[in-house]
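Please open the model in your viewer and keep the selection panel at hand. The stops below each begin with something to select.

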Amino acid sequence: MRYISVPIVIAAILNLSIFNIAYADSIEYLNIHRVDLKGDQNINYPQVCIRVNRSANRIPIMEKFQEIRSESPNDNFDQFMGKVTKWADSGIVGHTWINLFYKDDNGEIKSKGYGFGSNGNQSFRKFSFQKCVNIQNKTHQEIENDIALKSSDLYKKSINIAKDFLNVGYDWAGGRYTMYTNCAWFGGKLFNAIVPKNEQISYSQPFDYSTIVPKSFPMSKYRDLPDPGYIAESISKVMSYSGWYSNYNIGYGALTNNTAVTVNRDGLTLQPRSLLAFYPQLTNYVKFIYSGYFSESENKMYLFTNGLANEKEFILTPFTSYLAIKPLDTKIKIIAAFHHPYDDKIGLVISNKGEIFTTNNWENTGKTALKPYVKDITSAANYFESGRIMILLRPDDKQTSANKSDGVRFIIYDYDQDKVITAPKLFEKESGFNFLKLQ
């Protein structure tokens with residue numbers, strides 16, 4: 001079984017279109033533009049920062065698997081996995097690392113760096129996004145000790161996990177680097193172990209390995225892949241889906257890290273909470289939920305997955321326990337959704353090609369104005385003005401500022417005219433939405 005050939009094991013890859021969402025090309029993976037030797041000076045010290053040098057766009061797993069497979073169709077599975085691991089460690093898809101910042105006895109800010117698979121984890125390494133958290137009631141030496149203990153534990157765990165991935169990879173600092181136990185796995189696990197629970201981040205994108213390997217393979221039980229791009233999405237507060245309830249002037253939404261937010265026109269109305277706090281039944285699916293919309297007349301939120309072998313639709317009532325699950329009866333790869341401007345019982349979805357389809361019969365509306373924005377679209381919401389839709393976008397992947405990072409953006413789309421009527425704007429500059437401002 002170990003040397004089963006790639007054509008047999010992953011022949012399904014060429015036939016599956018999952019994860020064919022709208023990903024950046026390899027030259028757009030990195031957005032290295034910032035240098036900060038002191039962490040976040042707006043919060044106290046000591047502080048732990050997780051940093052990435054990626055654009056806020058997850059790795060195109062399936063597309064890359066297809067590419068590697070087509071380049072070497074006769075490789076056995078070990079050889080295939082080796083090439084995937086080498087690609088993941090090449091630096092092309094970015095790096096995740098941890099920096100500890102603290103003040104010494106003279107009040108000077110010092111730092112230490114920690115990472116996996118690379119020695120380049122110093123505070124002077126350029127990055128794109130960061131999240132820093134003040135660690136209260138501990139000295140920097142105590143934090144260093146905690147990091148050393150957790151790192152040792154992660155090294156041991158990486159060796160065991162590597163066995164599930166055919167042990168394809170290489171040894172690193174007492175651990176085993178593989179396509180799964182990579183820099184994002186180590187950085188995400190380490191950061192979450194040190195910071196308070198309410199400051200933890202999501203570090204792995206959903207991926208169902210059973211779609212590419214037989215269920216007899218241990219790796220088939222895994223449902224995610226640690227990814228610097230997914231961390232970038234998480235800490236840059238990319239919105240996965242949203243909706244608006246005009247009767248109560250309230251909006252609903254969820255961030256990439258599965259955090260539910262409730263807002264009005266003036267900003268947050270409730271502190272962010274995990275979506276699973278409301279709907280624990282979604283535990284096995286929550287990371288695969290990629291889009292959704294709210295029907296006010298029905299008082300229902302419709303959510304759609306992307307990335308499962310058999311996609312799902314979830315229908316739920318906000319602030320209640322009502323939840324219905326049914327198969328998603330379409331092959332369209334949905335990246336965002338909103339309801340029809342004049343009939344909220346009809347859903348509209350944006351595909352990975354920028355086309356708009358109705359959900360009642362999955363017909364193409366013929367509208368094309370959103371195609372130029374498709375790689376950046378993350379969600380949509382019916383706007384305050386009739387016929388207009390707010391389209392939320394990822395942070396700009398061509399940022400150049402040496403001392404700050406801009407966050408999520410939006411445009412306004414006129415459905416009737418099939419026309420984008422505004423240039424991209426920073427969401428954090430809208431009144432009340434400074435909670436979207438990045439460190």
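Begin by selecting phenylalanine 124, which, once its neighbours within four places in sequence are set aside, is in contact with Val35 and Leu37, contact meaning heavy atoms within 4.5 Å. Phenylalanine 124 sits in the loop between β3 (109-114) and β4 (129-134), where helices (H or I, at least four residues) and strands (E, at least two) are DSSP runs numbered from the N terminus. Phenylalanine 124 counts as exposed because its relative accessibility is 56%; by relative accessible area, buried means under 20%, exposed over 50% and partly exposed in between, with a 1.4 Å probe and protein chains only.

Before moving on, note that this is a predicted model, in which local features need pLDDT of at least 70 and side-chain atom pairs count only at pLDDT 80 or more, while totals for chains, interfaces and linings use all residues. Residues are numbered from 1 along each chain as its sequence is written, and side-chain values use heavy atoms, with hydrogens and water left out.

Next, select cysteine 49 and cysteine 132, which form a disulfide with their sulfur atoms 2.1 Å apart, the criterion being a pair of cysteine sulfur atoms within 2.5 Å. Cysteine 49 lies in strand β1 (residues 47-52) and cysteine 132 in strand β4, so the pair ties together parts that are 83 residues apart in sequence. The link is right-handed, with 110° about the S-S bond, and both cysteine 49 and cysteine 132 are buried.

Now go to histidine 339 in strand β17 (residues 334-340), which counts as buried because its relative accessible area is 12%. Beyond its neighbours within four places in sequence, the contacts of histidine 339 include Tyr293, Phe294, Asp344 and Asn382.

For the last stop, select Tyr252, Ala260, Leu275, Tyr279 and Pro318, which among the 15 lining residues of the largest cavity lie nearest its centre. A cavity here is a set of points, on a 1 Å grid over the protein atoms alone, where a 1.4 Å probe fits but cannot get out, and lining residues have an atom within 4 Å of a point. The volume of the largest cavity is about 210 Å³, taken as the space filled by probe spheres set on the points, which are joined across faces, edges and corners. Colour β10 (250-255), β11 (259-264), α7 (275-278) and β14 (300-305), each of which supplies at least two residues of that lining.

Conventions: On a 1 Å grid over the protein atoms alone, a cavity is a set of points where a 1.4 Å probe fits but cannot get out, and a pocket is an open set with protein on both sides within 12 Å along at least five of seven lines; lining residues have an atom within 4 Å of a point.
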